[in-house]
Amino acid sequence: MTEGAESPSVGGSEKAPPLRELVLYLARALVEHPDEVAVEEIEEQDGTVFELKVAESDLGRVIGRQGRTAKALRTVLSAASAKMKRRAILEILE
Amino acid sequence: MSDRGALGDKRELAAKVLRDVLERMGVDAEVSAFDDGERIILDAHGSESALVIGKKGATLDALQYLVSRIVFKKPGEAAMLVVDAEGYRGRREDSLADLARRLAEKAVRSGRPVPVEPMSAHDRKVVHTTLAEHPGVRTESEGEGPARRVVIFPKSHPAPASAG
């Protein structure tokens, strides 16, 4: 079949959503008290720091056993930030 | 015990969560969702699948873990969700299986244990399963955390005392 369906190389989509939205979405989806999730974005020289705050009883849900959930969050955040060529650091406030 | 209707609901929810996450990562991808009655498989496809996969599938593994945590609340259920991108996992399993067979031949030829590089639990399982029926070798995992690896022992090699 010749449908010529190659997607044109889409460049310059400047409308990437802010990474803060990614952190907020994942954290709210993981916890039991989404209303108590807050993310503060701090610009630093070598990158952007996202400070994540959740209800005390939800800390385990964003950190996970042996920090596995926190690690997965950081991996996804780095993948997204690599596109923007800017380092993103996730800090979970305890 | 999973009833089909409930799994279908989870499948749609899982697909939605993955789409939402990819969108917020700024990734242009479509998500197809399947289930075979036991497992849900989500496949992301589009021009940016390399970004979704990451180094040795690290980003895929992270997405799979997070979507599982979000969709399944009970720990036992989590094994039922697979996140893939353009069939990457299948291709990686094939190449891991090839590697396992080559290293098994090396173990048999040399008569010595051959360690495989450290890898994820999923990848180690592929190596164990590939060699489970191999007549000349047996496999064991050694080490802790990120250093955990499979070691391929020739059957001629004495078994450790702990073997049961």
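With a relative accessibility of 84%, A:Gln66 counts as exposed. A:Gln66 lies in the loop between α2 (59–63) and α3 (68–83) of chain A, and its phi is positive, at about 55°, although it is not a glycine.

B:Glu86 is not a glycine either, yet has a positive phi of about 50°. You will find B:Glu86 in the loop between β3 (81–85) and α4 of chain B. B:Glu86 is partly exposed, as its relative accessible area is 37%. Here are the two side by side:

| Residue | Phi | Relative accessible area |
|---|---|---|
| A:Gln66 | about 55° | 84% |
| B:Glu86 | about 50° | 37% |

**Chain B as a whole**

Let's step back to the rest of chain B. Its secondary structure consists of five helices and six strands, and starting at the N terminus the order is α-β-β-α-α-β-α-β-α-β-β. Along the principal axes, the C-alpha atoms of chain B fill a box of roughly 50 × 35 × 25 Å. Chain B has 164 residues, and 40% of them are buried. If you take the contacts between residues at least 6 apart in the sequence of chain B, 56% join residues at least 24 apart.

As for the surface, chain B has an accessible area of about 9,000 Å², and carbon and sulfur atoms account for 53% of that. Chain B also carries 26 positive and 26 negative charges, whose mean positions are 7 Å apart.

Helix α5 of chain B spans residues 121–131, and its buried residues are B:Asp123, B:Arg124, B:Val126, B:Val127 and B:Leu131.

**How confident is the predictor?**

The mean pLDDT of chain B is 89, and 91% of the residues score at least 70. Within chain B, helix α1 (residues 4–24) has the lowest confidence, with a mean of 90, while β6(B) has the highest, at 97. For the complex, the predictor gives an ipTM of 0.82 and a pTM of 0.75. A friendly reminder for your reading: where pLDDT is low, predicted coordinates should not be read in detail.

Terms used:
Residues are numbered from 1 along each chain as its sequence is written. Chains are lettered from A and ligands numbered from 1 in the order in which they are written. This is a predicted model: local features need pLDDT of at least 70, side-chain atom pairs count only at pLDDT 80 or more; totals for chains, interfaces and linings use all residues. Side-chain values use heavy atoms; hydrogens and water are left out. Helices (H or I, at least four residues) and strands (E, at least two) are DSSP runs, numbered from the N terminus. Buried means under 20% relative accessible area, exposed over 50%, partly exposed in between (1.4 Å probe, protein chains only). Contact means heavy atoms within 4.5 Å. Accessible areas come from the Shrake-Rupley method with a 1.4 Å probe; for residues, only the protein chains shown count as cover. Lys and Arg count as positive and Asp and Glu as negative; His and the chain ends are not counted. The place of a charge is taken as NZ of Lys, CZ of Arg, CG of Asp or CD of Glu. pLDDT is the predictor's confidence in each residue, from 0 to 100.
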